[in-house]
Amino acid sequence: MAEKGIGRLGMVVAAGVGVVLAAGVAWAEPPKTIEPGKLHVALNGDMPMTGLEEGKLIGTDGDLMVLIADRLGLEVVPHMMEWSAEIQSTKQGKVDIMHGAMGWIEPRSEIMLLTDPIYYFGTFLAQKKDTSWSTFEDMKGRSVATVSGFTLVPELKTVEGIGEVKLYDTTDGALRDLIAGRVDMAILDPPLMQLAIQENPDWDLHQVPLEPQSDKYPVMSQVYNVIFGINPEEKELHDAFNEQIQKIWAECTNVEVMAKYGLGDKGWFTPPPQGENLRNGVDRPKDWVAPSGDHCF
């Protein structure tokens, strides 16, 4: 899920957070991409997931993207754009891959190739500290902000009695209205919000986990697989990425990278309970076991 970054609102990311170059050997021959030897990557600049520093891709997801590309012998070519444009560019083969707290949902698996997860998260309701709304019932009669193209938008619109679903082109817009009290709550990328709230206590915001109601709202009730989306014509690249993602989990490299950005809690690396992962039986076998970071803690 993600959008343009909130740096203009004052969020500061610690300088010097670099890629963790865990041991690995680049492929003898890079997998096929749009441009030989290059990996064209779409991002939206929402830190701590993705961003650019002196033209280089950074962030929790960005650092891992660079690491995998390096191991595969590919040079990253970043392309900053809005989230909805990322989806279209990847679907149409204008870029090789997209990323940025991108949650798995079945419709996306029908238009592009989706990698194994790099971490996980559930749905949170960002709101002022004087409220603690945590249920779908709490949305009745209230305004909820989120970003166009986010995973949960279609389902959010079906929540019984919801007052208004306000869609924004960027996270900045949604967050400004939440801070100003023009909306009651917002559903934005949890990593982004966690770091933003930490860096800006004067916003008087907090995040509250949304209590699952899987029978009516399965998308918003799930623990999301955070993945990379790949050009549907690039199966070789997809397979190569999955091989490297397996190594990253085994080495705990994703845990190290996330921790550098203040996201080292075990919850980010805990998959949905077996049997509750929505992608099983869709783009993964029914008995597929999602990777876990238990051994890293």
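Let's start with Pro48, which is found in the loop between strand 1 (38-43) and strand 2 (51-53). Strands here are DSSP runs of E with at least two residues, helices are runs of H or I with at least four, and both are numbered from the N terminus. The peptide bond leading from Met47 into Pro48 is cis, with omega near 15°.

A word on what we are looking at. This is a predicted model, where local features need pLDDT of at least 70 and side-chain atom pairs count only at pLDDT 80 or more, while totals for chains, interfaces and linings use all residues. Residues are numbered from 1 along each chain as its sequence is written, and side-chain values use heavy atoms, with hydrogens and water left out.

Now move along to Glu54, in the loop between strand 2 and strand 3 (56-58). Glu54 is not a glycine, yet its phi is positive, about 55°. Is Glu54 buried or exposed? With a relative accessibility of 80%, Glu54 counts as exposed. For these words, buried means under 20% relative accessible area, exposed means over 50%, and partly exposed is in between, using a 1.4 Å probe and protein chains only.

Ala101 also has a positive phi without being a glycine, this time near 50°. You will find Ala101 in strand 5 (residues 97-103), and at 0% relative accessibility it counts as buried.

Next, helix 1. Arg71 lies in this helix, which covers residues 60-71. Arg71 is buried, because its relative accessible area is 3%. What does the side chain of Arg71 make a polar contact with? Its partner is the side chain of Glu251, at 3.0 Å. A polar contact is a pair of N or O atoms within 3.5 Å; within protein, one must be able to donate a hydrogen and the other to accept it, and residues adjacent in sequence count only if both atoms are side-chain atoms. Arg71 and Pro30 are 41 residues apart along the chain, and their C-alpha atoms are separated by 9.0 Å.

Helix 1 also packs against helix 9 (residues 253-260), at an angle of about 140° and with the axes 9 Å apart. That makes helix 1 oblique to helix 9. Axes are lines fitted to C-alpha atoms, for helices over the stretch in contact, and angles run from 0 to 180 degrees between N-to-C directions. Under 35 degrees counts as roughly parallel, over 145 as roughly antiparallel, 65 to 115 as roughly perpendicular, and the rest as oblique. On the helix 1 side, the contact is made by Thr60, Asp63, Leu64 and Leu67, and on the helix 9 side by Thr253, Asn254, Val257 and Met258. Contact means heavy atoms within 4.5 Å.

Helix 9 meets helix 8 (residues 235-251) as well: their axes come within 5 Å and cross at roughly 75°. So helix 8 is roughly perpendicular to helix 9. Ile248, Trp249 and Glu251 of helix 8 make this contact with Thr253, Asn254 and Glu256 of helix 9.

Arg279 counts as buried, at 0% relative accessibility. A polar atom of the Arg279 side chain lies 3.3 Å from the backbone oxygen of Leu114. Not counting residues up to four places away in sequence, Arg279 touches several residues, including Trp104, Asp116, Asn225 and Trp288.

Last stop, helix 5. How many of its ten residues are buried? Seven are, and the helix is mostly covered. The buried ones are Thr171, Asp172, Gly173, Ala174, Leu175, Asp177 and Leu178. They pack against several elements, among them strand 8 (124-128), strand 9 (143-147) and helix 6 (190-199).

Let's zoom in on Asp177, in helix 5, which spans residues 171-180. Asp177 counts as buried at 11% relative accessibility. Leaving aside neighbours within four places in sequence, Asp177 is in contact with Lys166, Tyr168, Arg182 and Val183. Asp177 and Ala145 are 32 residues apart in sequence, and 8.3 Å apart in space, C-alpha to C-alpha. Helix 5 is followed by Gly181, which has a positive phi near 80°.
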